[in-house]
Amino acid sequence: MRVLLVEDDELIGQGIVAGLRAHGIDVQHAASAAAATAAQAGERYDALVLDLGLPDRDGLDFLQDARAYEPGLPVMILSARDAIEHRLAGLQRGADDYLVKPFDLRELAARLHALVRRAQGRTAPTITAGPLCLAPESGQAWLNGTAIALSRREIDLLTHLAGAGAGWISPEQLNERLYGLSEEVGSNALNVHIHNIRRKLGAAAIETARGLGYRLGWRAAS
Ligand code: CA
């Protein structure tokens with residue numbers, strides 16, 4: 001299990017990281033909302049552990065964005081604010097559970113395991129194309145049955161390509177589907193994602209044809 005911990009207090013953060021690792025949970029520690037947003041954009045996590053009192057942003061606002069970005073992500077709130085209003089606000093904005101500081105690390109670990117088990121129990125549709133299997137909702141991917149770590153954008157990109165079957169998708173169409181029309185995207189972003197996917201899945205994963213664009217190297221099973 002891989003967890004993103006958002007906690008600005010360095011000592012508390014280090015304590016949680018050490019405590020969860022001792023319970024077999026891999027933890028990435030972000031000390032601000034900005035660092036957490038960057039971490040979430042680059043990697044997939046099984047759960048988010050969030051301190052509501054952050055230096056750079058309201059924790060509840062961050063929570064709302066994090067949940068919008070990744071709807072199925074289980075969220076555990078940590079807070080010194082033990083007022084019932086704050087707990088309720090957190091749960092209303094998409095948190096699954098909360099602990100009031102100070103708490104026992106064993107309890108946090110046990111509750112995280114329960115949250116992730118529950119989330120994984122929700123059935124998510126998968127797409128199979130040749131040796132590749134994608135679970136877009138949970139953000140998981142497997143190649144020949146082995147789990148491969150892909151970013152959200154990489155999963156999205158592969159899902160769009162798989163949906164087109166043997167058809168080609170132009171770079172413009174891909175950019176529009178990945179980023180929408182409103183977002184200003186560096187022209188190189190798509191190339192970087194394609195490069196990274198080929199590095200992780202093999203060069204044959206994505207085919208390129210001049211003037212046509214891209215398509216998946218394998219056809220999705222219908
Ligand atoms: Ca704090």
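Arg111 is partly exposed, with a relative accessible area of 25%; here buried means under 20% relative accessible area, exposed over 50%, and partly exposed in between, computed with a 1.4 Å probe on protein chains only. The model is predicted: local features need pLDDT of at least 70 and side-chain atom pairs count only at pLDDT 80 or more, while totals for chains, interfaces and linings use all residues. Residues are numbered from 1 along each chain as its sequence is written, and side-chain values use heavy atoms, with hydrogens and water left out.

The partner of Arg111 is Asp97, and the closest N and O atoms of this salt bridge are 2.9 Å apart. A salt bridge is a side-chain nitrogen of Lys or Arg within 4 Å of a carboxyl oxygen of Asp or Glu. Asp97 belongs to strand 5 (residues 97-100) and Arg111 to helix 5 (residues 105-121), so this pair links distant parts of the chain, 14 residues apart. Helices (H or I, at least four residues) and strands (E, at least two) are DSSP runs numbered from the N terminus. Asp97 counts as buried, at 18% relative accessibility.

## Further salt bridges

In total, the structure holds 13 salt bridges. One of them joins Arg2 to Glu43, with the closest N and O atoms 2.8 Å apart. This pair links distant parts of the chain, 41 residues apart: Arg2 is in strand 1 (residues 2-6), and Glu43 is in the loop between helix 2 (33-42) and strand 3 (47-51). Glu43 is partly exposed, its relative accessible area being 28%.

Another salt bridge connects Arg44 with Glu70, where the closest N and O atoms are 2.6 Å apart. Arg44 lies in the loop between helix 2 and strand 3, whereas Glu70 lies in the loop between helix 3 (59-69) and strand 4 (75-79), so the pair ties together parts that are 26 residues apart in sequence. Arg44 counts as buried at 11% relative accessibility, and Glu70 is buried with a relative accessible area of 4%.

## Surroundings of Arg215

Arg215 is part of strand 11 (residues 213-216). Its side chain makes a polar contact of 2.6 Å with the side chain of Glu207. A polar atom of the Arg215 side chain also lies 2.9 Å from the backbone oxygen of Ala166. A polar contact is a pair of N or O atoms within 3.5 Å; within protein, one must be able to donate a hydrogen and the other to accept it, and residues adjacent in sequence count only if both atoms are side-chain atoms.

Leaving aside residues up to four places away in sequence, Arg215 touches Leu161, Ala166, Gly167, Trp168, Ala205, Ile206 and Glu207, where contact means heavy atoms within 4.5 Å.

## The calcium ion

Asp8 (OD), Asp51 (OD) and Gly53 (O) are the protein donors of the calcium ion, at 2.2 to 2.3 Å from it. Donors are N, O and S atoms within 2.8 Å of the metal (3.2 Å for Na, K and Ca); water is not among the atoms, so sites may look incomplete. Along the chain, the donors of the calcium ion follow the spacing D-x42-D-x1-G. Asp51 is buried, with a relative accessible area of 5%, whereas Gly53 counts as partly exposed at 33% relative accessibility.
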